[in-house]
Amino acid sequence: AFDRARSYLQKIIESTSRQTRLDYLKKVWEDNQKKGYISEMEATAMLKLAADWQVERELVEFVKR
């Protein structure tokens with residue numbers, strides 16, 4: 001299911017700016033942190049999406065802070 005969602009999102013996200021893509025992932029990360037933790041599965045999924053969307057470096061920098 002995740003791979004199908006990745007393929008679907010890749011087609012949609014191509015027309016979105018790099019900053020918007022990063023903002024989407026940042027919001028998801030922050031919302032997941034509100035529950036007190038981020039599971040390994042969630043983190044891995046976001047990193048895979050960040051790599052697909054070509055914003056992996058920026059997301060990692062954001063997470064480090």
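A crossing of two helices is left-handed if the near helix is turned anticlockwise from the far one by less than a right angle, and right-handed if it is turned clockwise. By that rule, H1 passes H3 in a right-handed crossing. The structure is a predicted model, in which local features need pLDDT of at least 70 and side-chain atom pairs count only at pLDDT 80 or more, while totals for chains, interfaces and linings use all residues. Residues are numbered from 1 along each chain as its sequence is written, and side-chain values use heavy atoms, with hydrogens and water left out.

The helix names follow a simple scheme: helices (H or I, at least four residues) and strands (E, at least two) are DSSP runs, numbered from the N terminus. Two packed helices are described by the angle between their axes and the distance between the axes. Axes here are lines fitted to C-alpha atoms, for helices over the stretch in contact, and angles run from 0 to 180 degrees between N-to-C directions.

The axes of H1 and H3 come within 11 Å and cross at roughly 30°. In this pair, Phe2, Arg6, Leu9 and Gln10 of H1 meet Ala45, Lys48, Leu49 and Asp52 of H3, where contact means heavy atoms within 4.5 Å. Sorted by class, the contact of H1 with H3 has 4 nonpolar, 1 polar and 3 charged residues. For this count, Ala, Val, Leu, Ile, Met, Phe, Trp, Tyr, Cys and Pro are nonpolar, Asp, Glu, Lys and Arg are charged, and the others, Gly among them, are polar.

H2 and H4 form another packed pair, at an angle of about 35° and with their axes 10 Å apart. H2 also passes H4 in a right-handed crossing. On the H2 side the contact involves Arg18, Leu22, Leu25, Lys26, Trp29 and Glu30, which meet Glu58, Leu59, Phe62 and Val63 in H4. The residues of the contact of H2 with H4 divide into 6 nonpolar, no polar and 4 charged.

The next topic is the nonpolar core, meaning a set of buried Ala, Val, Leu, Ile, Met, Phe, Trp, Tyr and Cys residues joined through side-chain atoms within 4.5 Å. Buried means under 20% relative accessible area, exposed means over 50%, and partly exposed lies in between (1.4 Å probe, protein chains only). The largest nonpolar core has 12 residues in all: Ile13, Leu22, Leu25, Trp29, Ala43, Met46, Leu49, Ala50, Trp53, Val55, Leu59 and Phe62. Helix H2 (18-33), H3 and H4 each supply at least two residues of this core, and H3 gives the most, with 4 residues. Leucine 59, one of the core residues, touches Leu22, Leu25, Met46, Leu47 and Ala50, not counting residues up to four places away in sequence.

Charged side chains come next. Side chains of opposite charge can pair when their charged atoms come close. A salt bridge is a side-chain nitrogen of Lys or Arg within 4 Å of a carboxyl oxygen of Asp or Glu, and a search of the whole structure finds 6 salt bridges. In one of them, aspartate 52 pairs with arginine 6, the closest N and O atoms being 2.7 Å apart. Aspartate 52 lies in helix H3 (residues 40-52) and arginine 6 in helix H1 (residues 2-13), so the pair ties together parts that are 46 residues apart in sequence. Aspartate 52 is partly exposed at 23% relative accessible area, and arginine 6 is partly exposed at 21%. Asp3, Arg6 and Asp52 are linked in a network of salt bridges.

A salt bridge also joins glutamate 42 and lysine 35 (2.6 Å, N to O). Glutamate 42 is partly exposed at 22% relative accessibility, and lysine 35 is partly exposed at 41%. Within helix H4 (residues 56-64), lysine 64 and glutamate 61 lie 3 residues apart, about one turn of the helix. Their salt bridge has its closest N and O atoms 3.9 Å apart. Lysine 64 is exposed, with a relative accessible area of 63%, whereas glutamate 61 is partly exposed at 41%.

Two further residues complete the tour. Arginine 21, in helix H2, counts as buried at 13% relative accessibility. Arginine 21 touches Ile13, Glu14, Thr16, Trp53, Gln54 and Val55, not counting residues up to four places away in sequence. Glutamine 54, one of these contacts, is found in the loop between H3 and H4. Glutamine 54 has a positive phi of about 65° although it is not a glycine, and glutamine 54 is exposed, with a relative accessible area of 54%.
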